[in-house]
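Good morning, and thank you for making time for this. I would like to take you through one model, going from its sheets to its cores, then to its salt bridges and finally to a few single residues.

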Amino acid sequence: MKTKTVTIVGGGTSAWLTAAYLSKNNSALDITVVDKEIGTPVGVGEATLLNFKSFMDECGFNEKEWMVEVSAGYKSAIMFTNWREPGNDIWHPFYKNNKNIIGNSVSLWNLWSKTQDLDFKKYALGMYDSSVLHNTVDVNDIEYYAHHVDCGKLVVYIQNQIKNKINIIQSDVVSVDSNDDKVNYIELKNGQQITSDLYVDCTGFNQVLRTPSTKINLQDRLFVNTAVACPVPYQDKDEEFKPYAVCEGVDHGWIWKIGVETRIGSGMVFNRHITDIEEAKDYFVAHWNNRISKDKVRVINWDPFYIQDQWKGNVVNIGLSAGFIEPLESTSIGLITVGATQLSNALCEQRYIQDDINYYNQFLNTLYEDAVDFVSAHYANNPRTTNFWNYVSDTFIPSNRMLHHLELLKDPLVPIPFNGRYNYMFGGSNWTLLLQQLGYPVSPRNIPIGEDDARELLIKHYVLHEKNRHTISRHHNAEISRLNQEYNILK
């Protein structure tokens, strides 16, 4: 199918990220964005993965500029505070610190398997002390940081950057003329009819353009379906503006805390069939010691799913219209960027064939399935006994991939961390560090070094590389203030 015109319907993060990428990397295409007259963004999360910076680079955006414009902060990791019980934390950094110390196979993680009384977060992973204990950013290893962004400001920034490269129409879709798998045209509230070779549906859960699709229901594999959310003002910004995301385990589920330059994005994720929404609001407000007003708290409902045929005929679904798992592990924006890049690749010759559609769907299905398995695993082996966590315990079924990694952890002949395949969102090292910190047993590795020597090497490496990392780093708030000042001088 020859493709000269692409119409993107929707005005949220997925629509504008897709428009930005296509306008930069498929410049021969005539791109139109149909944005609603009055936007209704969901804004479940504002944390990104490591691929976000490279995505923005490939859109032609300058990091030092957009970080200031979208009130960004840095993200070295996710800290799952009090996850299994009060005082039990899980650290999931981008910098895994899984370097080999001896030869080609003995990594810090293998050494730790011999000395499991040492804190895995501090001695076998990276960025913990500098991020958590000192609130600093190591600008010498900045490639290991993702970002926290204000998605509302991100949309405005992108609009301003590409408004002269695309067509923008602010109007609602009132009808869709389609037959079989093909949209013939869309009719807008302002009376316009838009005919396009390809349509991208970024209309969220409404799926305005979608013909009947194969929806994969994930409610039997995931445990939450609702969030109550509200921005939280800083009281002590130097302390609260953290260079990592926080996901705190609580009675009803968990609470996210994501700091951007102007405020903390926060919400509680729970199951509305177990916890009453008003009860959830009260709990969330109390958690923040009444720093937020209950009447400002938004309610976001979803039923976890993804569409198996995300590209069908001449319609591609990206963002919430393609699926939503839950906010944990920042998969939403990550899947948006992958969808946009894969679509761009398929349209590089201004045409596509059925094989392109099949490949796109297979690739995105693989990523969704991988994300579901990994996110679900976070809820495993949790000793909490409230109604929500009892429900999780009663219904949790480990995925085949989780079972495979658990078997590998028991095998002393298999070096850890395990290498992950390239076409997954979460590789073997992600699984290894999660399952170890969830309390699953790890057999001491069969390596040519004893426990005492392993302990000495771990402590030595920690002192040389992690304990004092903060001394060559910059305080997070100070570094963001510096970027703001530098940008404003040059502006």
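**Sheets, cores and salt bridges**

Let me begin with a pairing that you can find on the screen: strand 12, which covers residues 182-188, runs antiparallel to strand 13, and two bridges join them. Please keep in mind throughout that this is a predicted model. Within that pairing, Glu187 has Gln193 of strand 13 as its bridge partner. The two strands belong to an open sheet of three strands, in the order 11-12-13, with antiparallel pairing. Strand 11 (173-179) and strand 13 (193-194) are the edges here, and because each has a single partner strand, one side of each has no neighbour in the sheet.

The next sheet is also open, but it is built from six strands, in the order 10-2-1-14-23-22, and its pairing is mixed. Its edges are strand 10 (167-170) and strand 22 (311-312), each of which pairs on one side only. If we follow the sheet to strand 22, we find that strand 22 and strand 23, residues 315-317, are antiparallel and joined by two bridges, with Lys312 standing opposite Val315 of strand 23. Helix 1, residues 13-25, packs on this sheet and touches strand 1 (5-9), strand 2 (30-35), strand 10 and strand 14 (198-201), while its direction makes about 170 degrees with that of strand 2.

Which residues of the largest nonpolar core touch the most other members? They are Ile8, Trp66, Trp311 and Leu343, in a core that holds 144 residues. Helix 11 gives this core its largest share, namely eleven residues. To take Leu343 as an example, and setting aside residues up to four places away in sequence, its contacts are Leu22, Leu198, Val200, Trp311, Val316, Ile318 and Tyr360. There is also a second, separate core of ten residues, and among its members are Val34, Tyr199, Leu209 and Val315. Val315, you will recall, is the residue that stands opposite Lys312.

Now for the charged pairs, of which the structure holds 29 in the form of salt bridges. In one of them, the side chains of Lys53 and Glu63 meet at 3.9 Å, N to O. Lys53 is partly exposed, at 30% relative accessible area, whereas Glu63 counts as buried because its value is 19%, and the cut-off for buried is under 20%.

A second pair is formed by Asp117 and Arg455, whose closest N and O atoms are 2.9 Å apart. This one links distant parts of the chain, since Asp117 sits in the loop between helix 4 (108-112) and helix 5 (120-123), while Arg455 belongs to helix 15 (residues 451-466), 338 residues apart. Asp117 counts as exposed, with a relative accessibility of 58%.

Glu369 is partly exposed at 27%, and Arg221 is partly exposed at 24%. Beyond these pairs, there is a network of salt bridges that links Lys64, Arg474, Glu479, Arg482 and Glu486.

I will finish with some single residues in loops. Ser330, in the loop between strand 24 (323-324) and helix 10 (331-346), has a positive phi of about 55 degrees although it is not a glycine. Is Ser330 buried or exposed? It is buried, with a relative accessible area of 10%, and, leaving out residues up to four places away in sequence, Ser330 touches Ala47, Thr48, Leu49 and Lys75. Gln350, in the loop between helix 10 and helix 11 (354-377), also has a positive phi, near 55 degrees, but Gln350 is partly exposed, at 28%.

Lastly, there are two prolines to look at. The peptide bond from Ile416 to Pro417 is cis, and Pro417 is found in the loop between helix 13 (400-410) and helix 14 (428-437). Pro304, in the loop between strand 20 (298-301) and strand 21 (305-307), counts as buried at 3% relative accessibility, and its contacts beyond four places in sequence include Ile216, Leu222 and Phe324.

Notes: Residues numbered from 1 in each chain as written. Predicted model: local features only at pLDDT ≥ 70, side-chain atom pairs only at ≥ 80, totals over all residues. Heavy atoms only, no water. Helix = DSSP H or I, 4+ residues; strand = E, 2+ residues; numbered from the N terminus. Buried < 20%, exposed > 50% of the residue type's maximum accessible area, 1.4 Å probe, protein only. Contact = heavy atoms within 4.5 Å. Pairing = 2+ DSSP bridges. Axes fitted to C-alpha atoms, helices over the stretch in contact; angles between N-to-C directions. Core = buried A, V, L, I, M, F, W, Y, C linked by side-chain atoms within 4.5 Å. Salt bridge = Lys/Arg side-chain N within 4 Å of Asp/Glu carboxyl O.
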